[in-house]
Amino acid sequence: MAGECSLFTENQRYCKVISGVKLTVASFSLIASLFIIFVIWLFKKYKYFVQRLILFLSLAACLDSIGFLLTGVPPDDSSLCDFQAWLLSFTGFSVLLWVCCITFNLYWNVIKMVKTDQFEKYYHLVSWGIPFVVACLPLINDHYGPAGAWCWISKESDNSVAWRFATYYIPVYLCIIGLFVVYSYIFITIKRQVQRWGGTYSAEAERNKALMKEYIKPLMWYPVVYLVTTICPLIDRIDNAVNSEPNFTLLLLQVVFSPLVGVLNAIVFGMDKETLNRLNVEQVKVAFMQHRPSSRKPLVREYPVGQTTEVRPNDDSSWSSAMSNESAANAPSPTPVAAPPPPLSNQ
């Protein structure tokens, strides 16, 4: 029968549920990823290196969400199916490697105190180049095809289990283990530094506390996000390798969690208090104004009233009063004016 679902021949309703859930979750993830990209563009956060890394992570997650939306359930074995399989392999691995780059970057910034902007081109080479090569390998012997709710390495292909684990699951979990090792090392190192100065005030200790709270802890959630989204798919793929018939519950959990990375990334991104504080009508209006072609200068104005100066923040960061004081200190001193001569006396 045309249009009959081959995944669950005895219960066609299962296919409708799987299809609806996949469409819903992938659509929300796509919207969430686009929201992150929009906010980074709107407030020009891309000027900061770490925010650019999050931007590229969100771009990979955005492409990943699009990949899940390309076919129905179950997918037909076609050229579109092969493209979806390649795209999901590419973007899934790319998302993980961008998380690795964020972690690597954090390690060098916080532990080694090294500026890492010069590494950006290498991050792109690793996070786009390696997934591209790995995703192309199954094309050699036509291993891509229908694989449950979407296309991936087909169960009908030769050595499909070996291909799935060699090109995805083994590298993924090795990277995840490495990520948690690095984050644990960063956390323990900073905590020891703070305890070393316990009982006495130290500017360095206070800086490390603030760094841990505002900068490191939110970034630590990105590996957790990727781990959460890969556990259920791994369990379902193991069951799929052992049993000939798909398990509805496991497949449903896979469909829920696999496309969820964009939504979870948006939640982690929202943990940034500075970003949340700027998401109001007035700040958004100001940010849009600064993207107008006529807006050549930053929206910073000073209005002296007596001895006070009002400084309005621009789109990137608040200007400190030190900048104003420095400018005032460097300003040329006024030219002295000679006193007028005394009046001539009448004689």
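**The whole chain**

The protein contains eleven helices and four strands; helices (H or I, at least four residues) and strands (E, at least two) are DSSP runs, numbered from the N terminus. This is a predicted model, in which local features need pLDDT of at least 70 and side-chain atom pairs count only at pLDDT 80 or more, while totals for chains, interfaces and linings use all residues. Residues are numbered from 1 along each chain as its sequence is written, and side-chain values use heavy atoms, with hydrogens and water left out.

Display the surface of the protein: its accessible area is about 19,700 Å², and 64% of this belongs to carbon and sulfur atoms (Shrake-Rupley method, 1.4 Å probe; for residues, only the protein chains shown count as cover). Of the 347 residues, 41% are buried; buried means under 20% relative accessible area, exposed over 50%, and partly exposed in between (1.4 Å probe, protein chains only).

**The nonpolar cores**

Select I54, L96, W98, I186, L219 and Y222, which touch the most other members of the largest nonpolar core, a set of 64 residues. Such a core consists of buried Ala, Val, Leu, Ile, Met, Phe, Trp, Tyr and Cys residues joined through side-chain atoms within 4.5 Å. Which helix gives the most to this core? It is α3, with 17 residues.

Next, centre on W98. Leaving aside residues up to four places away in sequence, W98 touches L53, F56, L57, A60, Y123, H124, S127 and W128, where a contact means heavy atoms within 4.5 Å. Apart from this core lies another one of 13 residues, including F8, C15, F68 and A149.

Select α2. This helix of 20 residues reaches 29 Å from its first C-alpha to its last, close to the 28 Å expected at 1.5 Å a residue (the expected span is 1.5 Å times one less than the number of residues). Of its 20 residues, 17 are buried.

Then select α8. Seven of its nine residues are buried, so α8 is largely enclosed by the rest of the structure. The buried residues are V261, G262, L264, N265, A266, V268 and F269.

Beyond residues up to four places away in sequence, S33 touches S58, A61, C62 and G262.

F35 also lies in helix α1, but F35 is partly exposed, with a relative accessible area of 39%. Select F35 together with F38, W41, L276, L279 and F288 to show a nonpolar patch on the surface, with about 540 Å² of accessible area together. Patches of this kind are made of residues with over 30% relative accessible area and no salt bridge; like charges are joined within 9 Å, and nonpolar side chains (Val, Leu, Ile, Met, Phe, Trp, Tyr) within 5 Å.

**The salt bridges**

The structure holds four salt bridges, each a side-chain nitrogen of Lys or Arg within 4 Å of a carboxyl oxygen of Asp or Glu. Select K45, D272, E274 and R278, which are linked in a network of salt bridges. D272 pairs with K45, the closest N and O atoms being 3.7 Å apart. D272 lies in the loop between α8 and α9 and K45 in the loop between α1 and α2, so the pair ties together parts that are 227 residues apart in sequence. E274 also meets K45, at 2.9 Å from N to O.

Finally, select R52 and E120, whose salt bridge has its closest N and O atoms 2.9 Å apart. This pair links helix α2 with helix α4, the two residues being 68 residues apart, and both R52 and E120 are buried.
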